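Work through the exercises below with the structure open beside you. Try each task before reading its solution.

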Amino acid sequence: MTTKSRENTGRKRRRMTRLQRERQLRMRLLICCGVVLVLSGLFAAPEIRAALGRRQIQRDMEAELDAARPQSVPERQAAGGEAEGQEGTAGDSDILVGENAVVEPEVVREKKTVYLTFDDGPSMDVTPEILDILKKNDVKATFFILNYGEKSIPILERMVREGHTIGIHGYSHDYAEIYASEDAFMNNIQKLHDKLLEDVGYDARIVRFPGGSSNTISEKYKKGIMKKLTKRLEKEGWKYLDWNVSTGDAEGNNVPSSQLVKSVKSELKPEQANVVLLHDTSSKQSSADALQNIIDFGIENGYTFCPVTEDTTMVHHKVNN
Ligand SMILES: [Zn+2]
């Protein structure tokens with residue numbers, strides 16, 4: 001080998017080595033890029049999967065909402081009536097429950113109950129005697145009063161103080177006058193109501209018709225007036241009470257007390273609220289005389305004596321005019 005050819009061979013080796021190095025570098029670069037690509041792909045995949053998952057969940061939710069919407073909207077639309085109906089039903093059932101809650105115990109309470117009611121007073125003699133008997137027995141009652149004089153105010157105050165209730169019988173008891181027209185009747189009760197409110201501070205809202213709501217005497221003065229008055233009273237916030245136990249003390253002024261007691265004994269019914277009609281005018285001494293025996297009979301037979309209040313279930317007669 002000549003020196004020249006040795007130099008050539010050396011140059012060739014160096015060139016090859018350079019070429020090899022360059023190739024090796026390119027290979028390394030490629031491998032690096034590949035690794036970076038693979039690694040970045042590996043790292044990116046979960047993000048993509050998560051993103052895809054989120055999008056899927058969102059799509060599922062939207063689908064659910066879409067699925068819910070077309071159902072709920074027409075339901076709401078269609079049930080606009082239905083929903084109201086349901087509300088109405090719920091309301092009604094609430095009312096029913098409410099009513100039952102009030103009425104049922106009331107009905108239970110009113111069984112074996114006696115409401116002693118005294119009409120046409122107050123009188124200066126019989127009424128205080130009746131109040132004494134009621135007080136002695138711790139029995140509360142109800143007085144349906146007529147117009148009264150100034151001297152009677154302490155008696156009315158005593159009624160209230162001792163736990164009795166007061167109802168309106170009327171400023172006047174004159175059938176011709178009070179049943180002449182609806183307005184005449186309404187004015188008649190309003191006048192006494194206002195007077196009592198002013199004198200005693202008592203707001204009486206329960207009315208007893210002179211003659212009861214079943215009276216036919218009123219027909220002589222105004223045909224059909226009782227039908228109108230019974231409705232109008234309730235419409236205007238009043239209540240009216242008739243009776244279902246009659247002592248018979250209205251049939252005369254000297255009905256023996258024993259007969260009054262006998263009537264009550266035969267008419268009291270344990271399964272009902274017993275509204276007993278009595279009178280406390282001066283001419284009804286026998287009613288006061290019968291009272292202790294009536295109370296004794298009631299207590300002995302398990303009856304409870306109560307005053308009439310606005311919560312009491314009103315006993316009404318059949319209206320005949
Ligand atoms: Zn009367």
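Contact means heavy atoms within 4.5 Å. Helices (H or I, at least four residues) and strands (E, at least two) are DSSP runs, numbered from the N terminus. The model is predicted: local features need pLDDT of at least 70, side-chain atom pairs count only at pLDDT 80 or more, and totals for chains, interfaces and linings use all residues. Residues are numbered from 1 along each chain as its sequence is written, and side-chain values use heavy atoms, with hydrogens and water left out.

**Exercise 1. Find the buried residues of helix 3 and what covers them.**

Step 1. Apply the cut-offs: buried is under 20% relative accessible area, exposed over 50%, partly exposed in between (1.4 Å probe, protein chains only).
Step 2. Ile153, Ile155, Leu156, Arg158 and Met159 are buried.
Step 3. Look around them. The cover includes helix 2 (126-137), strand 2 (142-146), strand 3 (165-170) and helix 5 (182-200).
Step 4. Gly163 follows helix 3, with a positive phi near 90°.

**Exercise 2. Describe how helix 2 and helix 8 are arranged.**

Step 1. Take the axes, which are lines fitted to C-alpha atoms, for helices over the stretch in contact; angles run from 0 to 180 degrees between N-to-C directions. The axes of helix 2 and helix 8 (residues 285-300) come within 9 Å and cross at roughly 10°.
Step 2. Classify the angle: under 35 degrees is roughly parallel, over 145 roughly antiparallel, 65 to 115 roughly perpendicular, the rest oblique. The two helices are therefore roughly parallel to each other.

**Exercise 3. Locate the protein donors of the zinc ion.**

Step 1. Search for donors: N, O and S atoms within 2.8 Å of the metal (3.2 Å for Na, K and Ca); water is not among the atoms, so sites may look incomplete.
Step 2. Read off the protein donors. They are Asp120 (OD), His169 (NE2) and His173 (NE2), 2.1 to 2.2 Å from the ion.
Step 3. Write their spacing: D-x48-H-x3-H.
Step 4. His173 counts as partly exposed because its relative accessibility is 29%.
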